[in-house]
Amino acid sequence: MTSQSQGIQQLLQAEKRAKDKLEEAKKRKGKRLKQAKDEAMADIDQYKLQRENEFRRIQSSIMGSQGNLAVKVEEQTADKIQTLSSSYRQNKERLMAELLNLIFDINPEIHANYRKEL
C-alpha cells in the first residue's frame, strides 16, 4: 500500500509540475501576444504619422499654389479695372458727343416701303 501511496504521490506531483508548466506557458504566450500587439500598434502609429506628414506636405504645396493663384487673380482684376476705368475716362466725352448728335440731328426720310396712295 505504501508503494501505491508513493505512486499516487508521484503522479500528483507530476500532475502539479505539468500544471505549473502549462500555466507558465500560458503566461509566456499572453506576454508574447501583448508584446506583438504593442509592436503592431507602434507600427500602425508610425505608419499613420508618416501618412499624415505626407498628406500635410501635399496639402501645403497645393494650398500654397492656390494662395499664389488668388494673389495673381486679384492683381489681374485690379489691372483690368484700371484699364477699363482709363478707357472710360478717355472715351466718355467722344461717346457722349456722338450720342447727342444722333439724338438731336434728326433727318426725316420717307421709309423705303412707304407707298403713296392716290
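## Annotated region

UniProt, in an unreviewed entry, places a "coiled-coil region" at residues 5–50. The model discussed here is predicted. Over residues 5–50 the chain is 100% helix and 0% strand.

## Overall fold and dimensions

The protein has one helix and zero strands. Its radius of gyration is 49 Å, whereas the globule rule gives 13 Å for 118 residues. The value is well over the rule, so the protein is more spread out than a compact globule.

The C-alpha trace points the same way. Along the principal axes of the protein, the trace spans about 160 × 45 × 15 Å.

## Surface and burial

How many of the 118 residues count as buried, as a percentage? The figure is 0%. Buried here means under 20% relative accessible area.

The accessible surface of the protein comes to about 12200 Å². Carbon and sulfur atoms account for 56% of that surface.

## A nonpolar patch

Leu 95, Met 96, Leu 99 and Leu 102 make a nonpolar surface patch. The patch has an area of about 410 Å².

Is Leu 102 buried or exposed? Its relative accessible area is 67%. The cut-off for exposed is over 50%, so Leu 102 counts as exposed.

Methods
Residues numbered from 1 in each chain as written. Predicted model: local features only at pLDDT ≥ 70, side-chain atom pairs only at ≥ 80, totals over all residues. Heavy atoms only, no water. UniProt positions renumbered as here; feature names shortened; annotations may be inferred. Helix = DSSP H or I, 4+ residues; strand = E, 2+ residues; numbered from the N terminus. Patch = residues over 30% accessible without salt bridge, like charges linked within 9 Å, V, L, I, M, F, W, Y side chains within 5 Å. Areas by Shrake-Rupley, 256 points an atom, 1.4 Å probe, with all protein chains shown as cover. Salt bridge = Lys/Arg side-chain N within 4 Å of Asp/Glu carboxyl O. Buried < 20%, exposed > 50% of the residue type's maximum accessible area, 1.4 Å probe, protein only. Rg over C-alpha atoms; globule rule 2.2 N^0.38 Å.
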